[in-house]
2 protein chains.
Amino acid sequence: MPGLSRVAMDSTEAMSIKYNTMVYELKQRGKHVLVMSLGEAYFDIPLFPMDELPQAEVHHYSHSRGLLALRRKLAQYFHAEYAVDFDPDEEVIITAGSKAAIHMTFMSILNPGDEVIYSEPAWVSYPEQIRLCYATPVGVRYQKSVYEFEEFITPKTKAIVINNPHNPSGQVLSRKELEHILDLARKHNLWVLSDEAYSDFVWGEEFISLARLDPNKEHAIVFNSMSKNYGISGWRVGYVIANKAVISNVLKVNQHLITCPATILQHYLARHFHQLLEITKPQIQAVLCKRKQVAAYMDQIGLSYLPGSSTFYLFASIAPSRLSSEEFCTRLLQDEYVSIVPGVGYGESCDAFVRISVGAASLEENQLGLRKIKELIEKTS
Amino acid sequence: MPGLSRVAMDSTEAMSIKYNTMVYELKQRGKHVLVMSLGEAYFDIPLFPMDELPQAEVHHYSHSRGLLALRRKLAQYFHAEYAVDFDPDEEVIITAGSKAAIHMTFMSILNPGDEVIYSEPAWVSYPEQIRLCYATPVGVRYQKSVYEFEEFITPKTKAIVINNPHNPSGQVLSRKELEHILDLARKHNLWVLSDEAYSDFVWGEEFISLARLDPNKEHAIVFNSMSKNYGISGWRVGYVIANKAVISNVLKVNQHLITCPATILQHYLARHFHQLLEITKPQIQAVLCKRKQVAAYMDQIGLSYLPGSSTFYLFASIAPSRLSSEEFCTRLLQDEYVSIVPGVGYGESCDAFVRISVGAASLEENQLGLRKIKELIEKTS
């Protein structure tokens with residue numbers, strides 16, 4: 001057999017998807033699994049009829065920047081909600097999910113050998129996407145603050161990636177932290193990529209989009225996701241907000257890689273934009289309330305977790321268990337049919353953690369799962 | 001401003017998309033444009049109600065190999081239609097369009113410096129996708145046959161790409177040609193990537209999928225598209241058929257890049273698979289019939305084109321015009337509001353050609369457009 005790509009061979013399967021695939025296969029075999037590993041919250045949302053959409057257009061390609069009507073809705077939303085202004089014609093591109101948005105942006109800004117800094121725990125795909133561009137991921141070990149980033153900057157550093165609100169800790173970066181990162185970017189001529197896919201999942205604290213603090217987008221590149229915020233993870237609709245030069249480059253890459261997200265779904269989202277927001281908003285609040293209750297229950301039974309109160313994740317410590325986080329999660333799934341994600345998937349420095357997603361199961365089920373986690377920690381200490 | 005990726009900066013905009021964007025902008029300004037540049041055929045297809053689909057699943061991620069029910073339908077179809085067998089569990093992955101399928105496969109097999117051979121004219125994205133992997137595109141100049149490929153093979157050659165049926169010529173490769181390419185692959189240990197996106201657009205000649213001649217898929221990697229064959233270009237649903245090792249690598253890349261195509265559309269296609277085939281089949285035949293009439297009209301008015309009778313494209317010569325193919329197409333669009341794609345987008349050796357797509361306009365409109373092309377050739381000779 002001819003050879004394969006070394007960088008792809010060496011890449012690790014996305015840990016969250018790996019465990020969710022195991023869940024899927026257990027369910028196919030008729031097992032009931034308590035799922036606390038999903039990267040999505042389950043909302044009760046209607047499916048509006050698609051025959052109201054412009055039938056002449058729904059089957060065909062859209063503009064490769066994305067449907068203009070949807071870009072305009074997003075621009076209005078960012079202005080009203082986040083005090084961020086961008087030109088819907090030239091400063092945004094709608095992509096087949098925010099994962100593809102980040103991938104195509106890395107392809108558009110990185111040269112081989114460039115370094116990209118991010119904090120651990122980090123979303124599983126940042127380092128892999130960086131490596132697929134032959135650039136070097138520089139994961140800052142748990143748990144350093146952004147004020148310690150400068151020591152990791154070298155002449156090869158091209159970008160800093162932040163995830164705000166943070167998956168998996170749920171932390172929101174303050175204005176002061178964001179200003180500090182932008183100051184670093186100005187001083188060292190770096191891009192700052194701000195992955196804001198969970199921007200609507202914030203509870204009682206101020207969320208500031210990075211683009212608000214860099215209105216000309218000289219350093220800020222923002223990613224967001226309609227998939228996450230609308231509870232339609234499987235629809236794959238995300239976007240990039242950046243200056244015209246960056247977007248032009250992402251556009252070219254997009255034309256060669258994907259063309260556009262599914263046109264029919266773009267029409268649907270443009271048409272039902274505000275309706276869907278109104279339907280999901282109280283459900284997002286309920287998820288954040290459940291997250292707070294889960295955190296309180298963890299305090300009560302003595303499970304510790306990283307600080308943060310946003311998103312629908314908690315990053316919990318499994319210390320003093322002797323098991324690696326993968327051994328821990330595999331055993332929990334196989335013995336107890338409870339599914340969570342190993343911390344090591346979020347960085348080498350995070351092997352004493354697991355990611356818990358509270359989005360899909362009820363509070364009671366989450367509490368049951370947490371007791372199982374606590375028991376397994378005790379059994380293996 | 002921090003720097004951008006050199007390889008992305010140097011990449012050219014997909015020529016077909018560039019012209020279709022110009023069309024889009026002219027239409028926005030109220031101009032009537034005769035569109036013969038689209039990479040899609042316009043079918044009259046119904047939109048079945050989506051509320052019949054499994055409502056609990058349509059909003060969420062699917063398996064990252066794609067929905068199993070759809071993979072099974074595709075396996076049955078390939079068995080019945082193309083005498084090709086593949087395992088729906090491990091030898092296929094459904095992707096967000098065949099463009100993404102090819103991109104992710106290049107990422108999965110290529111190392112920097114590898115060479116990839118293909119014939120010009122070639123689909124615009126092959127060379128750009130190859131360069132985005134830091135590999136080297138080796139376009140074989142128009143118009144050499146596959147029997148001349150061996151002289152382009154070097155120790156760095158990793159793969160040969162074929163496009164069968166061919167966009168833009170409409171040529172179908174014979175069994176003898178396919179066997180020859182596979183022999184080369186066996187002799188030099190190469191992958192053969194067969195882009196079969198137009199497999200259903202074949203008129204009165206035998207189409208042979210490469211996988212039929214390499215049943216263990218030791219060298220053959222096949223791409224196809226539900227988008228093209230079902231007239232739903234904007235839905236972005238394609239797939240890769242290959243051996244388990246290749247698919248495992250593509251799966252990992254897909255997990256970091258896209259996750260899955262839109263789940264709701266996968267459910268729709270699995271449910272209406274045969275119905276849609278029955279609806280589109282006579283329309284595909286009508287397009288192929290129209291293509292034949294267009295070719296006869298070109299013979300009649302003295303426009304020459306490359307041999308081929310499949311797909312909905314013709315690759316026509318503009319010789320002896322003095323204009324480059326880009327100058328020619330820009331002038332035709334600006335002066336006559338007829339949109340076609342410059343041949344140079346299909347390779348440096350093809351600057352005396354233009355691509356004509358007969359899929360969207362009527363026969364009479366296509367004939368009108370052809371007369372305008374003929375006139376511009378005469379005016380600029």
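**View 1. B:Glu115 meets its bridge partner in strand E5 of chain B.** In this predicted model, B:Glu115 has B:Thr157 as its bridge partner in E5(B). Strand E3 (residues 115-119) of chain B and E5(B) run parallel, joined by 3 bridges. Strands count as paired if DSSP finds at least two bridges between them; strands (E, at least two residues) and helices (H or I, at least four) are DSSP runs numbered from the N terminus. Residues are numbered from 1 along each chain as its sequence is written, and chains are lettered from A in the order in which they are written.

View 2. Look for B:Asn163, whose partner in E6(B) is B:Asp195. 7 of the 7 residues of E5(B) (residues 157-163) are buried, so this strand is largely enclosed by the rest of the structure; buried means that 20 or more other C-beta atoms, placed from the backbone, lie within 10 Å of a residue's own.

**View 3. B:Val240 and its contacts.** Leaving aside neighbours within four places in sequence, B:Val240 is in contact (C-beta atoms, placed from the backbone, within 7 Å) with residues including B:Val92, B:Ile221 and B:Phe223.

**View 4. The predictor's confidence.** The complex receives an ipTM of 0.93 and a pTM of 0.95. For chain A, the mean pLDDT is 94.

Key
Predicted model: local features only at pLDDT ≥ 70, side-chain atom pairs only at ≥ 80, totals over all residues. Contact = placed C-beta atoms within 7 Å. pLDDT = per-residue confidence, 0-100. Buried ≥ 20, exposed ≤ 12 C-beta atoms within 10 Å, placed from the backbone.
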